[in-house]
Amino acid sequence: MRILHILNHTRRLNGNVHAAVDLACAQVKLGHDVCMASGGGDFDRLLARNAVEVAFLNQERKPLSLLKSLWSLRRLIRDWKPDIVHAHMMTSAVLSAPICRLSSTPLITTVHNAFEKSAVLMGLGTRVIAVSEAVGMSMQQRGIAASKLHVVLNGTIGSARFEGRDRTPASLRGRSILFVGGLHPRKGLPDLLEAFRMTHEKYPESHLYIAGGGPFEAAYLQLASETGCANAITFVGAIDEPFPYMLAADIFVLPSHADPAPLVLSEAREAACAVIGTNVDGIPQLLGFGEAGILVPPRDPQALAAVLCELLADPERLDMWKARSQLHINNLTIERVARETLSIYKSVRSHGAETASA
């Protein structure tokens, strides 16, 4: 099968990009011809090394640029002749829809961030993939027909991005608690800082590591300084490879207020951390609905602190949750994601052939 993926860009530190790059590389490994059209970025060399063709498609949101992009995409689809076009962002879906309609090429869209108002535009696809059951339900509530929706849960294990990755655990202090994510309100870091303040009072040997960058970094540094235990909180900054920190950490915490299907949970489970996540959006599904990780209410630092204290108080309980992170871990592989996605492609092509012959 010939598969054309379309992204706004291929820059790092963007979950949509990571998921699309992982999928494209995995599809090549399964024997398909794959091209990635985007405005370019950090992953272009990785894609080329994995035999994914790379095409430049400027998707800057300016009228003249978008008109040029429409013409470029029309020419690319005409010349490359994909069997499937797969759009991963709102702009790429809007650009692709009219060209795919004119060329009778099935358009698949993936909803990565259902909380964005523009996500409803992903309904332009012939089929729409939701990255978790929660995202699928959200999109149905926003008017996308259940008949065109499919859920393919995110997974990263075995990703081409991780080939040759450093598996040497980082050197961390004390009983280590780790957060990895963007520093903005949706990720709930202030809740974790307050929970850690309460935890550290009982367990002064505990240490919190925060890996990530974002627009609220200065504000969160200030909050950390006001906890009274700032010397036990380390801001690592935005790093390309947080996996060594996961390998070394005792507990991984994701205190999000909204999170459709965070890829970072696959990595934390692969690293065998004891995982705590909030009971929102796709987090429960990625944690086996509580079998492979502990679920706590969002925006509730006291509840989070209670769980942290329980784990730090009982090494056997901590080890149990580390072991439970491995339950059904194979469900989080990128190969499973690729095979399920390919099944959707095949179904829409078969349906098109049946319609044409009717």
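Modeller: A search of the whole structure finds two aromatic pairs; rings of Phe, Tyr and Trp (its six-membered ring) pair if their centres lie within 6.5 Å. This is a predicted model, where local features need pLDDT of at least 70, side-chain atom pairs count only at pLDDT 80 or more, and totals for chains, interfaces and linings use all residues. Residues are numbered from 1 along each chain as its sequence is written, and side-chain values use heavy atoms, leaving out hydrogens and water.

Colleague: How are Tyr-209 and Tyr-245 arranged?

Modeller: Planes under 30 degrees apart count as stacked, over 60 as edge-to-face and the rest as tilted. Tyr-209 and Tyr-245 are tilted, with 6.5 Å centre to centre and 50° between the planes. Tyr-209 sits in strand β9 (residues 206-211) and Tyr-245 in helix α8 (residues 243-248), so the pair ties together parts 36 residues apart in sequence.

Colleague: Is Tyr-209 buried or exposed?

Modeller: Buried means under 20% relative accessible area, exposed over 50%, partly exposed in between (1.4 Å probe, protein chains only). Tyr-209, at 5%, is buried, while Tyr-245, at 22%, is partly exposed.

Colleague: And which residues form the stacked pair?

Modeller: Phe-216 and Tyr-220, at 5.9 Å centre to centre with 25° between the planes. Phe-216 is partly exposed at 35%; Tyr-220 is buried at 4%.

Key
Helix = DSSP H or I, 4+ residues; strand = E, 2+ residues; numbered from the N terminus.
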